[in-house]
Amino acid sequence: MTIAMQPVDTPVIRILVVDDHTLFRRGLMALLARDLQVKVVGDAADAGQAQRKAQELQPDLILLDNHLPGVNGVDALPALREVAPAARILMLTVSEDENDLAAALRGGAAGYLLKTIEGDDLTLAIRRAMQGDSIIAPEMMSKLVAAYRGASAGAAAAPAPGPLSATEISLASLSPRERDILRSISRGASNKEIAREHGIAEATVKIHVQHVLRKLDVSSRVHAAVIATENGLL
C-alpha cells in the first residue's frame with residue numbers, strides 16, 4: 001500500500017486572515033485549508049483585532065483586506081509590521097485604486113492582490129511571497145507604473161536628448177533571453193510559469209532572474225517590471 005506524504009522539508013506557512021466580511025473570510029479560510037502547505041492560525045475582522053492576533057500568533061503571512069471598519073488596511077500596515085516584524089503581508093482587496101496600491105507598497109506590503117484571483121493563483125502567490133518575491137496582480141501593473149510616475153511628479157522637466165541613461169545602458173546589456181524573462185516578470189508570471197513558457201528549467205529561470213535584477217541594479221521583481229514598462233519593453 002502506498003501512502004501519500006507531505007514533504008518533511010516543506011515548512012507549513014502560518015496565515016492570519018483579516019477581512020471584515022464574515023462570509024468571504026470563512027470562505028477564504030476554507031479554501032486555504034485545502035492546501036497542506038498552509039495553515040490558517042487566526043482571523044480578524046478589523047485592524048485592532050488584526051494587531052492583537054498578529055502579536056499573539058506571530059504568523060508567517062498576513063492576508064489583509066483594505067476596506068476595514070475604522071482603519072483601512074493600508075493604514076494598519078505600520079502597526080502590523082511592528083507587532084509581527086517577521087510576517088509577510090499581502091493585500092487582498094477589491095480596490096484597484098493606484099493610490100491604495102502605492103500606499104500599500106510604501107507601507108511595506110509584500111504584494112497587492114485582487115479578490116478576483118483564482119484559488120490556485122492565491123496559494124501560489126503566498127508561496128512566492130514567502131520566498132521573498134513582490135507580488136502584484138497583473139491587472140495592477142500599469143497602475144503601479146502610474147504610481148511610480150506620480151511619486152516623481154513635480155520634478156524638473158526631462159533634459160534634452162543626450163547620452164544614454166544608466167537605465168538604458170542596463171537594459172541594453174540584457175541578453176535576448178534575459179529581455180524575454182523581464183517581459184514575463186512584467187506580466188506578473190512566476191518562475192514556474194516562465195519556465196513553462198520558455199521551455200527551460202525553473203532553476204535556469206531563477207538564474208536568469210538574478211542576472212536581470214543585478215544588471216538593472218534593483219532588488220525586486222516589481223522594480224524591474226516598472227523599469228521594463230516605463231521603457232516600452234512590453
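**Questions on the predicted model**

Visitor: Which residues does Met-91 touch, not counting residues up to four places away in sequence?

Guide: In this predicted model, a contact means heavy atoms within 4.5 Å. Not counting residues up to four places away in sequence, Met-91 touches Leu-64, Asp-65, Asn-66, Gly-73, Val-74, Leu-77, Ala-104, Ala-109, Gly-111, Tyr-112 and Leu-113.

Visitor: From which position are residues numbered along each chain?

Guide: Because this is a predicted model, local features need pLDDT of at least 70 and side-chain atom pairs count only at pLDDT 80 or more, while totals for chains, interfaces and linings use all residues. Side-chain values use heavy atoms, with hydrogens and water left out, and residues along each chain, as its sequence is written, are numbered from 1.

Visitor: How many helices and strands are there in the protein?

Guide: Helices (H or I, at least four residues) and strands (E, at least two) are DSSP runs, numbered from the N terminus. By that count, the protein has eleven helices and six strands.

Visitor: What share of the residues of the protein count as buried?

Guide: A residue is buried under 20% relative accessible area, exposed over 50% and partly exposed in between, with a 1.4 Å probe and protein chains only. Of the 234 residues of the protein, the buried share is 42%.

Visitor: In what order do the strands of the open sheet lie?

Guide: Two strands pair if DSSP finds at least two bridges between them. The edge strands are β2 and β6 (135-136), each of which pairs on one side only. With parallel pairing throughout the six strands, the order is β2-β1-β3-β4-β5-β6.

Visitor: Which residue in β2 is the bridge partner of Val-17?

Guide: Strand β1 (residues 13-18) has five of its six residues buried, so the rest of the structure largely encloses it. Six bridges join β1 to the parallel strand β2 (residues 38-44). In β2, the partner of Val-17 is Asp-43.

Visitor: Which residues of α11 are buried?

Guide: Helix α11 spans residues 221-230, and seven of its ten residues are buried, so it is largely enclosed by the rest of the structure. Gly-232, whose phi is positive, near 70 degrees, follows this helix. The buried residues of α11 are Arg-221, Val-222, Ala-224, Ala-225, Val-226, Ile-227 and Ala-228.

Visitor: Is Asp-217 buried or exposed?

Guide: Asp-217 lies in the loop between α10 and α11. Although it is not a glycine, Asp-217 has a positive phi of about 60 degrees. With a relative accessible area of 69%, Asp-217 is exposed.

Visitor: What is the relative accessibility of Gln-58?

Guide: Gln-58 is found in the loop between α2 (47-57) and β3 (61-64). Gln-58 is not a glycine, yet its phi is positive, at about 45 degrees. It counts as partly exposed, at a relative accessibility of 35%.

Visitor: Which element gives the largest share of the lining of the largest cavity?

Guide: A cavity is a set of points on a 1 Å grid over the protein atoms alone where a 1.4 Å probe fits but cannot get out, and lining residues have an atom within 4 Å of a point. Arg-128, Ser-134, Ile-135, Ile-136, Met-141, Ile-185, Gly-188, Ala-189, Arg-221, Val-222 and Ala-225 line the largest cavity. The largest share, three residues, comes from α11.

Visitor: Which elements each supply at least two residues of the lining of the second largest cavity?

Guide: This cavity is lined by Val-17, Val-18, Asp-19, Phe-24, Leu-28, Leu-63, Leu-64, Asp-65, Leu-92 and Lys-115. At least two of the lining residues come from each of β1, α1 (22-32) and β3.

Methods: 1 Å grid on protein atoms, 1.4 Å probe; cavity = no way out; pocket = protein on both sides within 12 Å on 5 of 7 lines; lining within 4 Å.
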